[in-house]
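Trainee: Could you walk me through reading this fold, one feature at a time?

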Amino acid sequence: MSLLEQVYREVIMERSRRPRFRGEAEPVTHRQEGLNPSCGDELTLTLSVADGRIGQARFTGQGCAISQASADLMSEAVTDLSPAEALLLSERFRAFIRGEDDGEGLGDLQALAGVRQLHARVKCATLAWTTLDGALVTER
C-alpha cells in the first residue's frame, strides 16, 4: 500500500470513528433523510442556510465507515458554500467517484478515491451527497 493510500485510509477511519459534524444544525432550515437499501446505511442530514450560505451541515445515522466518513467530509466541504455551489460540488464528487473526474482540488474528499474500484461501495460514498441534493431542493 502506498503512503498516499495509507493516509487516505486513515482519514476514512478517523472520520467514521470520530466525526466532526455529527449532530443537528441550528437552526434547521433543511432536513433530508437518506437510505441505501442495498446495505442499510441511513442518515439524516440537517442544514442551516442563511443569507444564501450553508452555515452548518450536520448528520446523524448509522452505516459503514465509508458512508459515515463521506457524510462527515461532505458536511465540512459544503459549509460556507451557497446552495448552488454545494450542488456543483456534489455533482463533481459523484463524477470523481465514478472515475470521470481526477479529483484535483477536492482536498480531503480524495480520501474516498479507493471506492472507485469497489463498485458495490459507490452508493455508500454517495449517500450523503444524494441526500444533500434532496435537502437543497426541499425545505424543512
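We go from the overall chain to the sheet, the helices and then a few single residues.

Mentor: Ground rules before we start: this is a predicted model, where local features need pLDDT of at least 70 and side-chain atom pairs count only at pLDDT 80 or more, while totals for chains, interfaces and linings use all residues. Residues are numbered from 1 along each chain as its sequence is written, and side-chain values use heavy atoms, with hydrogens and water left out.

Trainee: Which pattern does the protein chain follow along the sequence?

Mentor: Start with the definition: helices (H or I, at least four residues) and strands (E, at least two) are DSSP runs, numbered from the N terminus. Here the chain has 4 helices and 3 strands, and along the sequence they read α-β-β-β-α-α-α.

Trainee: What is the radius of gyration, and what would a compact globule have?

Mentor: The radius is taken over C-alpha atoms, and the globule rule is 2.2 Å times the number of residues to the power 0.38. For 140 residues a compact globule would come out near 14 Å, and the protein chain agrees because its value is 14 Å. Its C-alpha atoms fill a box of roughly 45 × 30 × 25 Å along the principal axes. Buried means under 20% relative accessible area, exposed over 50%, and partly exposed in between (1.4 Å probe, protein chains only). On that scale, buried residues make up 46% of the 140.

Trainee: On to the sheet: in what order do its strands lie?

Mentor: Two strands pair if DSSP finds at least two bridges between them. This open sheet of 3 strands has the order 1-2-3, with antiparallel pairing. Strand 1 (30-36) and strand 3 (53-62) are the edge strands, each pairing on one side only. Axes are lines fitted to C-alpha atoms, for helices over the stretch in contact, and angles run from 0 to 180 degrees between N-to-C directions. Neighbouring strands here are turned by 20 degrees against each other on average, direction ignored.

Trainee: Over how many bridges do strand 1 and strand 2 pair?

Mentor: Strand 1 and strand 2 (residues 41-50) pair over 7 bridges. Arg31 has Thr46 of strand 2 as its bridge partner, and Gly34 stands opposite Leu43 in strand 2. Strand 2 and strand 3 pair over 9 bridges, with Thr44 standing opposite Thr60 in strand 3.

Trainee: Which helices pack on the sheet?

Mentor: Contact means heavy atoms within 4.5 Å. Helix 2 (residues 65-78) packs on the sheet, touching strand 2 and strand 3, and its direction makes about 170 degrees with that of strand 3. Helix 4 (residues 122-137) also packs on the sheet, touching strand 1, strand 2 and strand 3; its direction makes about 40 degrees with that of strand 2.

Trainee: How many residues of helix 2 are buried?

Mentor: Helix 2 is mostly covered, with 11 of its 14 residues buried. Among them are Ile66, Leu73, Met74 and Val78.

Trainee: Which residues take a positive phi?

Mentor: Most residues other than glycine have a negative phi, and most peptide bonds are trans. Asp51 isn't a glycine, yet has a positive phi of about 55 degrees. Asp51 belongs to the hairpin of strand 2 and strand 3, which has 2 residues between the strands, and it counts as exposed because its relative accessibility is 80%. Asp80 is another non-glycine, with a positive phi of about 80 degrees. Asp80 lies in the loop between helix 2 and helix 3, and at 52% relative accessibility it counts as exposed. Gly40 has a positive phi of about 90 degrees in the turn of the hairpin formed by strand 1 and strand 2, with 4 residues between them.

Trainee: And where is the cis peptide bond?

Mentor: The bond from Glu26 to Pro27 is cis, with omega near -15 degrees. Pro27 is found in the loop between helix 1 (3-17) and strand 1.

Trainee: What does Ser48 touch, and is it buried or exposed?

Mentor: Leaving out residues up to four places away in sequence, Ser48 touches several residues, including Glu26, Pro27 and Arg53. Ser48 sits in strand 2, and at 8% relative accessibility it counts as buried.
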